[in-house]
Number of protein chains: 2
Amino acid sequence: MAPAVLHLNTQQLEYLVAVADASTWAEAAASLGVTQSALSQGLSQLERRIGVPLFDRTGRRRVLHPGAGPVLRYARRVLGETHDLARWARAVGAGEAGQLRVGMIDLAAVGPFGPIVQRFRRERPNVELHLAVAPSAVLGEQVLAGELSLAVIVEPSPNRGDLDLLPLWRDDLGLYAPEGQPAGPPATWGPWVTFPATSHTRRLIGRRLAEAGAGFEVVAESHQPEVLRSMVALGLGWTVLPVAQAEAAPNPLRRAQPEPLMSRQLVVARRFGAAPDAAADTLVGHLLERAAELRGPTPEGRHPVLP
Amino acid sequence: MAPAVLHLNTQQLEYLVAVADASTWAEAAASLGVTQSALSQGLSQLERRIGVPLFDRTGRRRVLHPGAGPVLRYARRVLGETHDLARWARAVGAGEAGQLRVGMIDLAAVGPFGPIVQRFRRERPNVELHLAVAPSAVLGEQVLAGELSLAVIVEPSPNRGDLDLLPLWRDDLGLYAPEGQPAGPPATWGPWVTFPATSHTRRLIGRRLAEAGAGFEVVAESHQPEVLRSMVALGLGWTVLPVAQAEAAPNPLRRAQPEPLMSRQLVVARRFGAAPDAAADTLVGHLLERAAELRGPTPEGRHPVLP
DNA sequence: CATATTGTTCAGTTTATCTGAACTCTCAAC
DNA sequence: GTTGAGAGTTCAGATAAACTGAACAATATG
């Protein structure tokens with residue numbers, strides 16, 4: 001007769017608690033915004049489902065049976081937890097709770113966008129924020145796989161169409177040669193130390209060098225800008241790096257030519273058709289604001305070097 | 001949009017947990033004995049109600065979103081409690097749990113039926129058993145009010161019709177006179193010390209004395225047999241008492257005539273239309289067994305004095 | 001005794017939930 | 001490629017649950 005598991009619903013539990021708390025059923029029904037009839041039928045149903053008499057029937061009137069204590073306690077517990085869940089759901093809807101997994105390429109994470117993440121973490125302590133730093137290609141895959149809600153990456157050369165890309169920041173890359181090798185005509189540049197073949201930036205650099213008429217013989221690779229910088233300093237080869245990374249505090253490289261060789265577009269990537277995520281929306285908003293702030297005070301067309 | 005309170009039901013929570021535990025939704029659906037379709041629709045419904053994305057949609061496939069952790073934990077908690085409730089309900093159905101409030105008149109509680117109650121308490125520790133000792137009239141009212149599940153009382157003279165009475169035991173009452181006053185013709189008996197006017201037994205005694213042609217001038221009253229006994233011993237008046245109580249160990253009275261004057265019927269009283277109560281049924285069964293046991297070895301028509 | 005209050009019961013309607021079938025995607029095999 | 005199996009969704013229709021409104025029964029209250 002009874003199914004293997006009890007199939008109850010929260011509103012019948014509400015009926016029970018309301019009846020226990022109110023002095024009359026009519027009052028309880030009113031407080032719930034239903035008719036007496038619904039209350040009466042709902043409680044009969046609940047009693048039938050649990051299979052334990054919950055009420056004493058004196059004549060036509062039903063009063064809560066004291067032996068129903070465990071059921072009432074159960075109802076209160078479940079309703080309490082349900083209430084908590086609803087509160088949590090509201091907070092998630094407002095972007096004030098939940099989980100947020102964010103990816104950033106190294107430059108973004110340690111550059112001016114890192115503090116944005118820290119601020120977000122501070123301002124929304126109930127959002128469980130996780131930051132992953134990795135190359136653009138890796139992060140792009142993770143966004144697609146749903147492992148990340150969003151990532152700040154280098155714009156993929158052929159946009160695969162299933163990522164929603166939002167321009168964030170245009171980033172200058174300079175040309176760096178070993179000490180004492182002057183930048184002659186492009187044909188004389190190289191050999192190169194640069195990012196691994198999977199890297200978006202490497203692809204961009206390759207394309208730019210071809211355009212300029214330079215060769216692109218790669219003699220050493222690393223994902224880490226610091227490693228590339230040391231290699232150049234040691235005279236292993238030339239490189240093209242974001243100026244912010246090449247010319248950072250300890251042992252900065254000196255540009256082989258004053259003008260940036262090229263630039264790359266950093267974007268915020270999200271998956272098309274991803275579930276709405278208020279927390280992610282908020283963080284993206286902050287990132288865009290920060291980018292506008294950085295861009296703002298400088299004349300049109302020029303980009304300040306990232307601090 | 002969302003109602004003030006979340007209206008969830010346990011089966012959708014089961015769907016969620018099943019999906020979290022199974023490797024495919026088809027498997028989860030099979031384990032629950034429903035179609036994939038039902039599972040899919042049920043989970044969509046659940047997601048809509050909670051208002052928080054629970055799944056990552058990659059193409060058409062949905063996988064549980066890690067941010068749904070709190071919902072999953074909620075579901076597991078609620079299902080756990082529901083499971084406990086179901087177990088409790090089964091136990092109550094078998095009379096092995098729940099609450100049982102029993103009333104007994106003093107003679108029954110301290111007589112041979114008291115140990116039955118104790119045994120029941122020992123054998124079913126999960127049944128919360130409460131024993132109330134009071135006069136029949138009081139207990140009858142409490143049974144009617146649903147405060148007691150059953151009571152062992154003196155059969156009410158006019159049965160009010162709303163009590164279900166089960167004969168348990170016929171109890172002899174003797175005639176007791178102050179020391180030195182022989183039992184002459186009934187017209188010479190008295191004056192009397194006896195139970196208060198509300199007492200069933202007093203009414204029975206009154207009727208019997210009238211039948212015998214004796215007066216019934218009452219000079220003192222008490223619900224306590226010991227008090228009545230002392231009064232008789234002190235010479236205040238005559239009384240009619242259950243022989244078990246009048247002739248109990250310390251300071252027993254001596255009967256004014258060897259034959260019992262009358263008898264009264266003890267019954268198990270329950271309310272008509274009371275909720276089925278397996279624990280009460282069991283206890284009544286034990287009481288009847290005990291009564292049969294006491295009656296059994298004696299010849300027909302005679303009743304042993306209660307020990 | 002009339003009358004308001006309270007709760008139940010009964011039709012009828014609305015809403016949920018299920019099944020079964022058609023359909024979309026993905027993945028892997030040929 | 002293309003073909004087919006597996007997984008999941010969507011849709012229409014059936015079934016069951018829950019609600020409303022009205023009629024009714026039982027209790028208080030004047």
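## Strand pairing in chain B

Within strand 10 of chain B, Val267(B) is the bridge partner of Ile153(B). The model is predicted: local features require pLDDT of at least 70 and side-chain atom pairs pLDDT 80 or more, whereas totals for chains, interfaces and linings use all residues. Residues are numbered from 1 along each chain as its sequence is written, chains are lettered from A and ligands numbered from 1 in the order in which they are written, and side-chain values use heavy atoms, with hydrogens and water left out.

Strand 5 of chain B (residues 150-154) pairs with strand 10 of chain B (residues 262-271) in the antiparallel sense over four bridges. Here two strands pair if DSSP finds at least two bridges between them, and the elements themselves are DSSP runs numbered from the N terminus (helices H or I, at least four residues; strands E, at least two). Strand 5 of chain B is also joined to strand 3 of chain B (residues 98-104), by three bridges and in parallel. In this second pairing, Ala151(B) of strand 5 stands opposite Gly103(B). Strand 5 of chain B is mostly covered, since five of its five residues are buried (under 20% relative accessible area; exposed is over 50%, partly exposed in between; 1.4 Å probe, protein chains only).

## Strand 10 of chain A

Strand 10 of chain A (residues 262-271) is largely enclosed by the rest of the structure, because nine of its ten residues are buried. Strand 6 of chain A (residues 163-176) runs antiparallel to strand 10 of chain A and is joined to it by ten bridges; there, Met262(A) has Leu173(A) opposite. Strand 5 of chain A (residues 150-154) pairs with strand 10 of chain A over four bridges, likewise in the antiparallel sense. Leu266(A) of strand 10 stands opposite Val154(A).

## Surface near DNA strand C

There are 22 residues around DNA strand C, of which Ala26(A), Gln36(A), Arg62(A), Tyr15(B) and Ser37(B) come nearest; a residue is near if one of its heavy atoms lies within 4 Å. By class, the residues of this surface are five nonpolar, twelve polar and five charged. Of the DNA atoms within 4 Å of the protein, 67% belong to sugar or phosphate and the rest to bases.

In chain B, a polar side-chain atom of Gln41(B) lies 3.0 Å from a base oxygen of DNA strand C. The side chain of Gln12(B) has an N or O atom 3.5 Å from a phosphate oxygen of DNA strand C. The elements that give two or more residues to this surface are helix 2 (25-32), helix 3 (36-50) and strand 2 (61-64) of chain A, with helix 1 (10-21) and helix 3 (36-50) of chain B. Helix 3 of chain B provides the largest share, five residues.

Gln12(B) lies in helix 1 of chain B and is buried, with a relative accessible area of 8%. Apart from neighbours within four places in sequence, Gln12(B) is in contact with Gly42(B), Leu43(B), Gln45(B), Leu46(B) and Arg49(B) (contact means heavy atoms within 4.5 Å).

## Interface between chains A and B

Across the interface, 37 residues of chain A are in contact with 37 residues of chain B. About 3,500 Å² is buried between the two chains, and carbon and sulfur atoms give 59% of it; this is the accessible area (1.4 Å probe) lost on putting the two parts together, summed over both. On the chain A side, Glu81(A), Leu85(A) and Trp88(A) lose the most area to chain B, together 16% of what that side buries.

Technical notes:
A polar contact is a pair of N or O atoms within 3.5 Å; within protein, one must be able to donate a hydrogen and the other to accept it, and residues adjacent in sequence count only if both atoms are side-chain atoms. Ala, Val, Leu, Ile, Met, Phe, Trp, Tyr, Cys and Pro count as nonpolar, Asp, Glu, Lys and Arg as charged, and the others, Gly among them, as polar.
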